[in-house]
Amino acid sequence: MVELGRTGLRVSELGLGLASVGGMFAAVPQQQAVATIDRAWELGVRLFDTAPVYGYGRSEERAGLALRGRPRPEFVLCSKVGRLIEPGGPDIQPIWAEPPPGVGPRLDYSYGATIRSFEASLERMGIDRIDILHIHDPDLDYQTASTEALRALRELRGRGTIRAISLGVNHADVAARFLRETGADGVEGVDCVLLAGRYTLLDQSGLDELLPLCEKLSVAVLAAGVFEGGVLADTADGAPHGYEKVPRAVLGRIDQLRELCRRYDVPLLAAAVQFPLTHPAVPAVVVGARSPREITEVAAWLDHHIPEAFWAALRSRP
C-alpha cells in the first residue's frame, strides 16, 4: 500500500477501473462483473474507480454488489460527478453495451446537480461513503465545473463526507489549468487527478506541465489508460478504442518499444503498467478488466521484474 499524496489515504499500486464491467464496448454479465471485482480483491487490489455514466449506473450498482460486504476501512472507492443519470437523459454515449432502458446521462456541473449525483451514487452502490470524488471531464463546461461543482465538493470534503477532491480527465492541459486557477496548493484545492492516456509509453504529454505541477503541489496522479485503448495489446480487435485507424507513426513507435522489450526480455504490457509508476507524482495505476482472467494478467504484469537497464534505455530514446 502507498500514500496517496496529501489525502491521508493509502491505496494499492494497482487500481481496478470499473468502466469495463459496466459494459464499455461489450456487454459483461453481472455474475462475471462481480467475479472480476472479487478476483481483484483476492489479488490485493484496494482501489476501485467507477462513475455514474459507466453503463448509466450499472457499474456503480455492480461495484456495490461486490464491495459493500467488505470491511469499509480496507478499500478506497472513487466515483465521479458531472453527469446525472435520469429518464430521457440526452447525452447518450454509444460506447455502452446494453445500458438500462429509458435512462441516460445529462451533463450538469451545477452545485445542486453535483450534490444529487453524489447522493445517487451512494444509493446505487449501497455503500456509506465515497473516498475520492472526481469532477468528470471538466473541460465540457469548465466555468461551471471549476466553480459550482468544486464548491459542492469542497463542502462535502469539509464535512468529512468525502476524503479527497479529484479531477477525472483525458486532457492534461485542462487539469493543469484547473490546478493553477483554483488554488490547488492550499486547503481549498484539488487533492488528486485521474489522468487517462496522457502518461503512458506512447503519450507523455502529461510531462509538459501537469506532472511537474502535481509533484510541486503534492497532488497525487492516478494514471489510467496505460494500454492506450488496446493499441499496445496484441489482442486488440481491429483498430483499438480511440482510433479509427492506428496512425503509421504510432505503429512505428510501438515497433520500437517491442524491439526494446525483446532486448531486455520484458513483456510490453508489463512495461506499460509499470511505466507511470516511475514518476514520483504517480502512486498508482488504474486499469480496466472485464473478467477475472484479465485482472489476474494485469496483476502479474505489475509484479514482473523489470531491470533498471530497461528503464534507462527507454529514457535515453529520442
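Helices (H or I, at least four residues) and strands (E, at least two) are DSSP runs, numbered from the N terminus. Because this is a predicted model, local features need pLDDT of at least 70 and side-chain atom pairs count only at pLDDT 80 or more, while totals for chains, interfaces and linings use all residues. Residues are numbered from 1 along each chain as its sequence is written, and side-chain values use heavy atoms, with hydrogens and water left out.

Strand β3 (residues 14-17) and strand β4 (residues 47-49) pair in the parallel sense over 2 bridges, where pairing requires that DSSP finds at least two bridges between the strands. β3 also runs parallel to strand β12 (residues 284-288), to which 4 bridges join it; in β12, Val287 is the bridge partner of Leu16. Both faces of β3 are covered, with Leu14 and Leu16 buried on one side and Gly15 and Gly17 buried on the other. Buried denotes under 20% relative accessible area, exposed over 50%, and partly exposed in between (1.4 Å probe, protein chains only).

Helix α5 (residues 172-181) contains the buried residues Ala172, Val174, Ala175, Ala176, Phe178 and Leu179. The elements covering these buried residues include β8 (132-136), α4 (142-158), β9 (164-169), β10 (192-196) and α6. The axes of α5 and helix α6 (residues 210-217) come within 9 Å and cross at roughly 35°; axes are lines fitted to C-alpha atoms, for helices over the stretch in contact, and angles run from 0 to 180 degrees between N-to-C directions. On the α5 side, the contact (heavy atoms within 4.5 Å) is made by Ala172, Ala175, Ala176, Leu179 and Arg180, and on the α6 side by Leu210, Leu213, Cys214 and Leu217. After α5 comes Gly183, whose phi is positive, near 70°.

The largest nonpolar core has 91 residues, and those with the most contacts inside it are Phe48, Ile135, Leu210 and Leu232. Such a core is a set of buried Ala, Val, Leu, Ile, Met, Phe, Trp, Tyr and Cys residues joined through side-chain atoms within 4.5 Å. Helix α4 provides the largest share of this core, 7 residues. Leaving aside neighbours within four places in sequence, Leu232 is in contact with residues including Leu201, Val226, Phe227, Ile254 and Arg258. A second, separate core of 15 residues includes Val76, Cys78, Ile132 and Ala284.
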